[in-house]
Amino acid sequence: MNRISPARISRLIGDWRMLEGKISQQLSLAIAKLIAARELPVGGLLPSERALATALAVSRGTVVAAYASLRDAEVLDSRHGSGHRIVASATTSGAAHTRLAGEVLALPQDIDMTSGALPPSPVLTRMLAALRGADLASVAAGLGYDASGLPALRWAVARYYTDLGLPTHPDNILITSGAQQAVWLLANALVDPSDAVVVENPVYRGSLEAFRRRNARIVPVAATDTGLNMVELEKALRNRPKLLYLFPEAHNPTGRSLDDASRRKLVDLLERYPTFLIEDGAQNELSTLAGTTPRPLAGQTNPELVATIGTLSKLFWGGIRIGWIRSTPPVVKRLASFKAVNDLGCSMFDQHLAVGLLENISEARTYRHQEVAGHLKAAEDLITERVQGRWRWSRPAGGTAMWIHMPGVDTVALCQEAQRHRLFLSAGPGYSANENFGDFIRLPFVRPPAIMQFAIDTICNLAGETFPA
């Protein structure tokens, strides 16, 4: 039975309240838009009125009226004891998603803490300022299409991995439009409906979205502060899943990296239960410890059964939509055929710029490491002073966000309440295959001190007012 959790609706519905009109009508329209966009499937069971009211921080009467409106429109069928089932697709011209499902396009007056993206690196801005037309003229040659990527960039990425101790040839590299497209390509090329895909719990929500859209059977394995629940992992691998998707380093969302014992155990399990591994290294360059860039796990396991994801977007700027996949030449060729259908290839101009950025990677690393470490210390000092031990977290080894446990707090409802204060946050269930972690939030710490202070004060005030201890 396809039950739709209140946490899922809360995450997908975004900033649904408008300035005018009854709240129940606004809620009815927002749910109808999700149904029309197929984010809520026909046949799915909506939550009870009380459960959804709690998640959205509204009265039960508001949800009762919204459901009644959807029934009148013959979108819902409500029966005592059976719940509220979606029976038809709503006909509404809702705006299409322009970000991951559930992410809200913030207005200039909003404070968006749903993303841990960093501002442009000075290395990038300096290179852009120095560009002349003649520098790019030579790029405009041939037809401009190459699904595998600019040869010079594939060589540069191959050198990047070789310098990390993982010998790589350009034939092992496919250039992608950032790490998110890399995940999408791997999901579409390697996963069929009902295939089992093992993921960490919690896990990067963009990967969950990609695997769900393939109708994969997602098998969560608990992530710990230093590694994974190896008993759960061995049980999952013993059942021969189609693939295993992991963040060995700078895990998203927790920021943890596997310790040496966990790495050894993981490698041992993959030898005993051969499974194709997707190693997401999108945040590997964002270590909170200066001078450290982890060696990819691909060098320690069967090279025929691994694909490693990387990107320039974290180190240099999110607007540089250049990422890559490192794998065997047959896998790269298969992925290139999927990419050709998707977009024919990345911009040659962006790829040309990426070659120069990789040539300056040492300088970029030094700057980012100092920036991330400085922001993290400032954020931890602010939180420690304000919450006085009521929040719990482990210091991230990498990345740009903290995975914070707020015992006794319904963070799904808190995030809804925070939107009314123009603060956009991400609750824990969005990062879980089974929508756990209802008392966790992912809080980016790479924001100016004044914004961090406002965010932390707002969260504390709302938690105290709405959810007293």
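Author: The buried residues of helix 7 are Leu 153, Arg 154, Ala 156, Val 157, Ala 158, Tyr 160 and Tyr 161. Buried means under 20% relative accessible area, exposed means over 50%, and partly exposed lies in between, with a 1.4 Å probe and protein chains only. This is a predicted model, in which local features need pLDDT of at least 70 and side-chain atom pairs count only at pLDDT 80 or more, while totals for chains, interfaces and linings use all residues. Residues are numbered from 1 along each chain as its sequence is written, and side-chain values use heavy atoms, with hydrogens and water left out.

The cover over these buried residues of helix 7 includes strand 5 (173–176), strand 10 (306–311), strand 11 (323–326), helix 13 (348–359) and helix 14 (361–387). Contact here means heavy atoms within 4.5 Å. Helices (H or I, at least four residues) and strands (E, at least two) are DSSP runs, numbered from the N terminus.

Helix 7 itself has 13 residues. From its first C-alpha to its last it reaches 18 Å, close to the 18 Å expected at 1.5 Å a residue; the expected span is 1.5 Å times one less than the number of residues. After helix 7 comes Gly 165, with a positive phi near 95°.

Leu 143 counts as exposed because its relative accessibility is 79%. Together with Tyr 145 and Leu 344, Leu 143 makes a nonpolar surface patch of about 410 Å². Such patches are made of residues with over 30% relative accessible area and no salt bridge, nonpolar side chains (Val, Leu, Ile, Met, Phe, Trp, Tyr) being joined within 5 Å and like charges within 9 Å. A salt bridge is a side-chain nitrogen of Lys or Arg within 4 Å of a carboxyl oxygen of Asp or Glu.

For another buried element, take strand 15 (residues 440–444): five of its five residues are buried, so strand 15 is largely enclosed by the rest of the structure. Phe 440, Arg 442 and Pro 444 point one way, and Ile 441 and Leu 443 the other way. Strand 12 (residues 401–405) pairs with strand 15 in the antiparallel sense over five bridges, and Ala 401 stands opposite Pro 444. Two strands pair if DSSP finds at least two bridges between them. Strand 14 (residues 426–427) also pairs with strand 15 in the antiparallel sense, over two bridges, with Ala 427 opposite Ile 441.

Conventions
Areas by Shrake-Rupley, 256 points an atom, 1.4 Å probe, with all protein chains shown as cover.
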